[in-house]
Amino acid sequence: MLNIKDKDVVVVGGGQVAYRKIIGLLQADAKVTVISPSVHEQLKNLSTTNKIIWKNKPFEPTDLTGALLIIAATNSRTVNEFVRLSAHHNQLINVVDAHEKSNFHVPAKLNRGKLTISVATDGASPILAKAICKNLATIYDESYQDYLQFLAVARKKVKQLQLSHDKKRQLLKEITGENYRQSEHKQIEFLQMLTDVINQQD
């Protein structure tokens with residue numbers, strides 16, 4: 001759960017593994033630079049549309065200058081290890097073929113708007129982590145996206161009420177109940193009630 005919006009990220013490698021990592025980075029609005037003499041066709045397309053910067057060259061330690069986050073994703077253990085050793089102590093690095101040598105890991109995740117559920121197996125089985133996420137997707141379906149938006153708006157309004165901390169907490173707990181999640185009508189009623197109370201306070 002790291003905010004990498006507009007942060008510099010370097011991915012060394014241009015294959016399918018690198019591509020999968022890059023898609024997640026772009027979804028987080030990172031500024032991605034790819035270092036590789038050749039890249040997958042899909043990465044070429046991302047470069048052509050200026051979604052990533054592709055440096056068509058072998059890796060050099062200076063390529064990591066200014067990067068907050070680094071992913072070593074080549075098909076060579078030697079190159080990946082060289083990338084790891086070239087990283088500064090204050091940079092985050094993930095080595096795709098050496099979980100134990102990485103200082104951060106990317107879990108499988110499920111997104112429903114403001115809701116993010118992450119699943120990790122400490123490198124034991126990324127495939128299982130993805131399978132668990134798939135199962136969770138049936139429980140936390142698309143309806144949670146709108147429900148979380150309701151909770152966010154409600155929380156802002158509740159904070160404006162001239163009530164004790166305990167009373168506010170009680171209201172916020174009440175709307176996490178299943179009856180509110182399944183009823184758009186109840187959500188609208190609750191927000192209207194809050195608006196009316198806030199207006200009466202003014």
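**Exercise 1. Find where Asp-122 is placed in the chain, and say whether Asp-122 is buried or exposed.**

Step 1. Look for Asp-122 in the loop between strand S7 (115-119) and helix H4 (126-139). Helices (H or I, at least four residues) and strands (E, at least two) are DSSP runs, numbered from the N terminus. The model is predicted, so local features need pLDDT of at least 70, side-chain atom pairs count only at pLDDT 80 or more, and totals for chains, interfaces and linings use all residues. Residues are numbered from 1 along each chain as its sequence is written, and side-chain values use heavy atoms, with hydrogens and water left out.

Step 2. Check the backbone: Asp-122 is not a glycine, yet its phi is positive, at about 55 degrees.

Step 3. Check the surface. Asp-122 counts as exposed because its relative accessibility is 63%. Buried means under 20% relative accessible area, exposed over 50%, and partly exposed in between (1.4 Å probe, protein chains only).

**Exercise 2. Describe Asn-50 by its place, its phi and its accessibility.**

Step 1. Asn-50 sits in the loop between helix H2 (41-48) and strand S3 (53-55).

Step 2. Although Asn-50 is not a glycine, it has a positive phi of about 60 degrees.

Step 3. With 69% relative accessibility, Asn-50 counts as exposed.

**Exercise 3. Work out which residues of the largest nonpolar core touch the most other members, and which elements contribute.**

Step 1. Start with the rule: a nonpolar core is a set of buried Ala, Val, Leu, Ile, Met, Phe, Trp, Tyr and Cys residues joined through side-chain atoms within 4.5 Å. In soluble globular proteins, nonpolar side chains tend to be buried together.

Step 2. The largest core has 18 residues, and Val-11, Ile-22, Leu-25 and Val-32 touch the most other members.

Step 3. Two or more residues come from each of strand S1 (8-12), helix H1 (16-27), strand S2 (31-35), H2 and strand S4 (69-72). H1 gives the most to this core, with four residues.

Step 4. Now zoom in on Val-32. Leaving aside neighbours within four places in sequence, Val-32 is in contact (heavy atoms within 4.5 Å) with Val-9, Val-11, Ile-22, Leu-25, Leu-26, Ile-52 and Ile-53.

Step 5. Apart from this core lies another, of 14 residues, including Leu-151, Ala-154, Val-158 and Leu-171.

**Exercise 4. Classify the aromatic pairs Tyr-144 with Tyr-147 and Phe-150 with Tyr-180.**

Step 1. Rings of Phe, Tyr and Trp (its six-membered ring) pair if their centres lie within 6.5 Å; planes under 30 degrees apart count as stacked, over 60 as edge-to-face and the rest as tilted. The count comes to seven aromatic pairs.

Step 2. Tyr-144 and Tyr-147 are 6.1 Å centre to centre with 80 degrees between the planes, an edge-to-face pair. They are three residues apart in helix H5 (residues 143-159), so about one helical turn separates them. Both Tyr-144 and Tyr-147 are buried.

Step 3. Phe-150 and Tyr-180 have ring centres 6.4 Å apart and planes at 10 degrees, so this pair is stacked. Phe-150 lies in helix H5 and Tyr-180 in helix H7 (residues 178-181), so the pair ties together parts that are 30 residues apart in sequence. Phe-150 and Tyr-180 are buried.

Step 4. Finally, the charged end of Lys-186 sits over the ring of Tyr-180, 4.7 Å from its centre. Here a charge sits over a ring if NZ of Lys or CZ of Arg is within 6 Å of the ring centre and within 35 degrees of the ring normal.

**Exercise 5. Find the two salt-bridge partners of Glu-81 described here, then trace the bridge of Asp-8.**

Step 1. A salt bridge is a side-chain nitrogen of Lys or Arg within 4 Å of a carboxyl oxygen of Asp or Glu. By this rule there are seven salt bridges.

Step 2. Glu-81 forms a salt bridge with Arg-84, the closest N and O atoms being 2.7 Å apart. Arg-84 and Glu-81 are three residues apart in helix H3 (residues 77-86), so about one helical turn lies between them.

Step 3. Glu-81 also meets Lys-101 in a salt bridge (3.4 Å, N to O). Lys-101 lies in the loop between strand S5 (92-95) and strand S6 (108-112) and Glu-81 in helix H3, so the pair ties together parts that are 20 residues apart in sequence.

Step 4. Asp-8 and Lys-31 meet through their side chains in a salt bridge (3.9 Å, N to O). This pair links distant parts of the chain, Asp-8 in strand S1 and Lys-31 in strand S2, 23 residues apart.
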